[in-house]
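Hi everyone, thanks for coming. Let me put the sequence and the model up, and then I'll walk you through them.

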Amino acid sequence: MYYAEIRVMYKKGVLDPQGQAVKGALHHLGFSKVYDVSIGRLIFLKLEAESKEEAQKTVREMCESLLANPVIEDFTFTIMEEEK
């Protein structure tokens with residue numbers, strides 16, 4: 001068994017309306033030194049695979065097919081083997 005931690009964020013240059021709203025709210029609350037805010041997704045999943053390489057391949061395919069929109073989002077992931 002393997003665990004995957006996947007981070008999905010907007011690509012550079014893509015408008016992040018939720019991040020802009022949070023930045024504005026923080027400024028309104030007096031946190032005026034906040035320069036930028038990006039809101040993304042953090043996804044945890046557990047999967048069965050024969051090897052770490054197979055788990056990486058499977059997670060990449062999941063991200064490219066469903067978990068991230070490759071037109072406007074980038075993703076990174078980490079694979080960890082379940083301790084026995």
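I'll take the sheet, then the helix and the core, and finish with one arginine.

A quick word on the ground rules. This is a predicted model, where local features need pLDDT of at least 70, side-chain atom pairs count only at pLDDT 80 or more, and totals for chains, interfaces and linings use all residues. Residues are numbered from 1 along each chain as its sequence is written, and side-chain values use heavy atoms, with hydrogens and water left out.

So, the sheet. We have an open sheet of 3 strands in the order S2-S1-S3, with antiparallel pairing. S2 and S3 are the edge strands with a single partner each, so one side of each has no neighbour in the sheet. From one strand to the next, the twist averages 20°. Strands here are DSSP runs of E of at least two residues, helices are runs of H or I of at least four, and both are numbered from the N terminus. Two strands pair if DSSP finds at least two bridges between them.

S1 and S3 are joined by 9 bridges, and on that side Glu5 stands opposite Thr78 in S3. Between S1 and S2 there are 7 bridges, and there Tyr2 sits opposite Leu47 in S2.

What packs on this sheet? That's H2, which touches S1, S2 and S3, with its direction at about 150° to that of S3. Axes are lines fitted to C-alpha atoms, for helices over the stretch in contact, and angles run from 0 to 180 degrees between N-to-C directions.

Now the core. A nonpolar core is a set of buried Ala, Val, Leu, Ile, Met, Phe, Trp, Tyr and Cys residues joined through side-chain atoms within 4.5 Å. The largest one has 15 residues, and Ala4, Ile6, Leu45, Leu47, Val59 and Ile79 touch the most other members. Two or more residues come from each of S1 (2–10), S2 (41–47), H2 (52–67) and S3 (73–81). Leaving aside neighbours within four places in sequence, Val59 contacts Ala4, Ile6, Leu45, Leu47, Phe77 and Ile79; contact means heavy atoms within 4.5 Å.

Last, my arginine: Arg41, in strand S2. Arg41 is partly exposed, at 36% relative accessible area; buried is under 20%, exposed over 50%, partly exposed in between, with a 1.4 Å probe and protein chains only. The Arg41 side chain makes a polar contact with the side chain of Glu73 at 2.8 Å. That term means a pair of N or O atoms within 3.5 Å; within protein, one must be able to donate a hydrogen and the other to accept it, and residues adjacent in sequence count only if both atoms are side-chain atoms.
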